[in-house]
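Hi everyone, thanks for making time. Let me put the structure on the screen, and then we can walk through it together.

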Amino acid sequence: MTISTLSDWTGEVGTVTIGATKADGGTRSGTVTIGGERDLAFIGNPPTGNRPLIAYELCDDPSLWPAPVIRFLGDRASDPAEWARFAAGEYRPDLIRLYLTSTRKRGFSAFAAITTTVENILQATGLPLIIEGSNDPELDSEVFRRIGEAGEGERLLIGTAEAGRYRSIAASAMAFGHLVIAQSPIDINLAKQLNILLREIGLPHDRIVIDPYTGALGYGFEYSYSVMERIRTAALKGDDDLAMPMISSAIDSLTVKEVREADPSASDRTSVAWELYAMLPATVAGASIVCVRHPSTIQPLKAAIEALWSPPGGGA
Amino acid sequence: MPTVTFLPGFRKTELPSGSTILQAAQQAGIHMNVVCGGLGKCGKCTVYVKSGRYDFDREKYGKFFTPEELEAGACLACQTSVLGDVRVLIPEESIVQEQKILIDVMGTTTELNPAVWKYALRLSPPSLDDPSPDLTRLLWGIEKSGGPNEGDIYAPLEVIRRIPRVLRESGWRVTATVVLVPGGYRLVDIERGDTTPACYGAAVDLGTTTIVVFIRNLIDGSIMGVASNYNRQISCGEDILSRVTFARKGGLKKLQALAAESINAAITEAANNAGIDRDHIYEVVVAGNTIMTHILMGIDPAYMIEEPYVPVVRRYLTAAASRAGLEVGENSGLFIFPAVSDFIGGDIIADILASGMAEQEDISLLIDIGTNFEVVLGNRDWMFACAGAAGPALEGGEVLFGMRANAGAIEQISLDLETFTPAYRTIQHTKPKGICGSGLIDLLAELLRACIIDRTGRINTAIEHERIRSGRQVPEFVVAWKGETGIGKDIVITENDVKALIMSKASILAACRTLMKQAGITHAEIARIYFSGAFGNYISKENAITIGLIPEVPVERIFPIGNGAIEGANLVLLNRRKKRFLDEIARKIAYIELNAEPSFMDEYTGSCFLPHTDLSLFPTVEEMLEKCRLRRGVP
Amino acid sequence: MALKALDIYKLLPKKNCKECGEPTCLTFAMKLASGKVKPEDCPYLDENVREILGASTRPPVQRVKLGVGERSFAVGDEIVQFRHEKTFFHEPGIMTAVSDLMDPDSIQAVVADVRDHLLVRIGLDLRLNGIAVWSASGSPDAFATAVEAVEAVAELPEVLMAEDPAVQEAGLAVCGNYRPLIHAATGDQYREMCALAVKHGCPLAIRAPDLDALAGLSGLCTAEGVSHLVLDLTSPSLHDMLNQATAVRQQAITRTAPALGYPVFLDTRPCGLPDAALICGVLKYGSVLVADPLSEASRKALLVLRQNIYTDPQKPIQITPGIYRVGSPGPDAPVLLTVNFSLTYFTLQGYLEASGTDSFMLIVDTEGLSVLTSVAAGKLSETLVRDSLKEFAVPDLVKHRTLIIPGYAAPLSGKIEDETGWKVLVGPRDAADIAEFLEKEWT
């Protein structure tokens, strides 16, 4: 066949390895590597780089978590360690992403609990971890120090750095050997600016994962989709400051009107559809890690990614 | 009626109870700073009421003052009503002061082809053998002296009325003055005896803030006199929008009168300096932005600031100068530069003319910076232009210690990159009172080099240094300690100031880049960057590039052209053939509406970074910053 | 590739004659570059130049129309590979599959559902587009009966999926006047299929083992007089469908393989992952998508995804400025100000509903810009807020005088207070935090 895709790209997405096994000084049962693409997502026989991964999201305070997930999980949601063990064991995501939502309550001061929670999750699952800390600059320094310390040696991916508050999280990542999620509000310029700021305070590019912020399906998803495509093509054209792998999580998927108001009998199905129809496109746009909250989304999403990834005959 | 006495100087004025102190000041001829147009928003019109009955809402406007200032009677002139006789102290900083105004001795040479001719005539008196009428006799005389054909000269009634007497009283020895206007030749004056050497014209830059006038000798082209002053409309609002607002509220007549008055004052001063009679000024050429020239001509500008932003007139305008209230020869001509749109006015056409970019094959970028900016990209074949609002930050507005380029303004500053100790120079070498545009650009570049701010303008409060502190609301950097200043407080630059400056510079750079993109031009293809306006003469080219105010090109390709508007007006005054060329320039320009250009916002966010998000556009700046970071020990 | 305005300008007569309606040749060049005018609008172009400009400004993907009447739709006319480069113009038609092995009642139930299903979002009607009738039996009569069953219920665009020319002809005999898509011509029978397409004036899908063969077949079919072609890239491998569709779009828009400059047809059934295949078809260049009937959840998500992807990225969808109510707010309810960018509006509205607080949303006209950009661009200003409060009579709706503004508009808070006399509360930057904010600040 002579007519094929036109792949005259010159750049390459950098690779990032998350997690550390015993051999690397951690306790994970395996590590995952993302990035490395030299073409658009899933293009090529076999495709370039690494297959996109699925992170399952959970939290330590479910009161602000989407109702369909809590209904589905029942009591398990009250203990993050149990939650993680259940999800990892039954649904096989590639990573676990823990949101320390407890820090977002007014007047939070239970810093010691952060250490405990992170330690418990580390024990509950051998999967590489993503940990989301506070989103209050007042708390950042202590929260991120705790996360960093508790996970020392585990090569966690921690979030979320933003242009207005990136120093504490970067400091923790550098001190304890972790990776950082750099989030910017759906804008390629702002994404790049943050990466430059992080580089200039000493965080190397291979420790950054870009989060371009993902709107839910029907609520701005198209902006995120296009920004991801733009970031990916910029990297492929050789822009080093955008050549990091991306993580995408449409965190509002399960709180949008369509899901909230779905008939109870269709609640799980609608949840899965809303997550699948945002996260599969995210991988096509170039995201290396996509995140879901409803456990039932993991299987169909995984099958779809697999089918997009594998050329016939099982190539890669 | 209450009397308001202004201190110092004891200037007095009477006006009805309930009037504001600002109105009193205007009536007394004191020009106060009114950045916001008298809405109580800018806090620049501070006065101290020393005695008397007045009304001022301290609760509402207290935020502009310290408790000590309030104690001393601080009020906003625009929000204080006079209820009885009051004595008011106007502090120096509240008065519009002499600003550094650019007066260039014109560098450009042009052929001398003025539109004015004077003919000294010796006519034979009429007789029964030669009974032709006075006017015909005069016009024949002109024709015989090498002037235009008798039939081609139009004589206005005012001049005809004077002819019989002047001819006879002078013993038939007169000087006739003919001006070429678009309608043809026009007899504008008849004088006794030979006055041919007294043949002058005036070139005027009618700016929103300042007015500059040159008087030229139209026989040899020499400069007779120069003067400049403030546009007196400032008392009706500082920026152009507040002027239009003022015009809308029935103030058009007043604004027109103030514009004419301002020009007259400058012409009078220049004429007095030169020792010439204003009546010998036969042509006045005015370059100004579209709104200013509309107001001067008494044309309502109200509809220009609303969508779809349409000016009333685009082509050049001519009229008798007296109809605009200009006090020069009664029938003298007035020529107003053409405009491209309401945003690209005659001042920009004058800039283009003065720069010479419309005659070159190489591509030039012309930038005129003020509160509003205009950018033109092109060469002799094509031109793109756009305009936008940069905000007042680069002129010192909306910056806590920002000020205009008045005495005491820090106009140049550098930082010791180790100790952060500033070295600065102020205008007129007085103690610093604030920082003006050129100083702010220096400061921004230096803060970046010293790694005190990051590329988004955030101050790194992790640095322990006495000059870096958290400030009242946002972090700030101390530029000058209380003791060394002329205002008795620390002069600081806050993180918000830095961000305002970055947003201003980003609009300008984004506009340049949008035009370049439109034309498909890279910065390497730009042969020259012309900086027009006072601003361009004083800023450091290197620092302007360092912060990404303009695209990076080798500094030797950057040319400040000074006051391009006045230079263009001079060129047209001296060489009437340029008038036709002006229309050609105006026709050539394709105006790009930035708001309708989808890529503009993208360029803007990309430019909200020091110097730009695409670092490869500023290679030498990057190299320099890299060295600075290494020196500071930042990896 | 697209020409820049200046490149075009160099080819123009530079007379500035204004006969094209533009003030200068340069502005004409700018509009030509962005596709707003046609080369023919200039009366002074020589034939050669017109050809060059035409070739580089004409859409590289052929426009093809399916069906007749109200529900007919056009695909093609695309000019970019990525939607952010300009926009995707014609969203893919989603064709629900029925087979001629189904009994007519079942067929009609499916057709009626496609006819009647409607999802309204942001003021737009989102629908499935048509029916694909599949010849599973191989019998011309059965096929004709199935097509008749479809026609009996609705005038929907159709795809006639029958590669046996005799079967195809039987279907066309029923609905050939309604511009169905004929599926599909192959190397073996393309002459007969082309003859049918010409006879009925219908678009024709073509199928070949690989892209080279497909390009060849496309040439053969155009030689037979069929110019409205659709390329079938169906494969059991999702990976192959994505790769081939991408290749076709790239080749078409770079004009390297003009024989592939046609819309793409994808049957999502063979790969066994209908949701995934439909998603890929919507994202990556499918123009006619065939699918089995979907669950309500999938159908909704699919229609919304298609709407998202085919929204013009340069024209944000706007909400009409005004007062919007969440729940049944009374005179003590909070008033939350935000911009008329639809995304901002829907996000805030969603969170307000979820918070359970009855409230007023004051939507001001920022021309569809988001809060962040409208503040930066000066579109969201204190005077706009003042005028909007007045225009929408907000003081008559509530007893209090407190306005909640978005977190990103914080720099305006003082100016808004001064201008309106209302007290301003700066809300959260993220609408997700609005419930917590109201709980804390609004009691």
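Buried residues make up 64% of the 316 residues in chain A, where buried means under 20% relative accessible area with a 1.4 Å probe, protein chains only. Please keep in mind that this is a predicted model, with local features needing pLDDT of at least 70, side-chain atom pairs counting only at pLDDT 80 or more, and totals for chains, interfaces and linings using all residues. Residues are numbered from 1 along each chain as its sequence is written, chains are lettered from A in the order in which they are written, and side-chain values use heavy atoms, with hydrogens and water left out.

Now, over to chains B and C. How many residues of chain B are in contact with chain C? There are 22, and they meet 18 residues of chain C, contact being heavy atoms within 4.5 Å. Between them the two chains bury about 1600 Å², 62% of it on carbon and sulfur atoms; that is accessible area (1.4 Å probe) lost on being put together, summed over both. The salt bridge count between chain B and chain C is zero, taking a side-chain nitrogen of Lys or Arg within 4 Å of a carboxyl oxygen of Asp or Glu.

Notes
Buried < 20%, exposed > 50% of the residue type's maximum accessible area, 1.4 Å probe, protein only.
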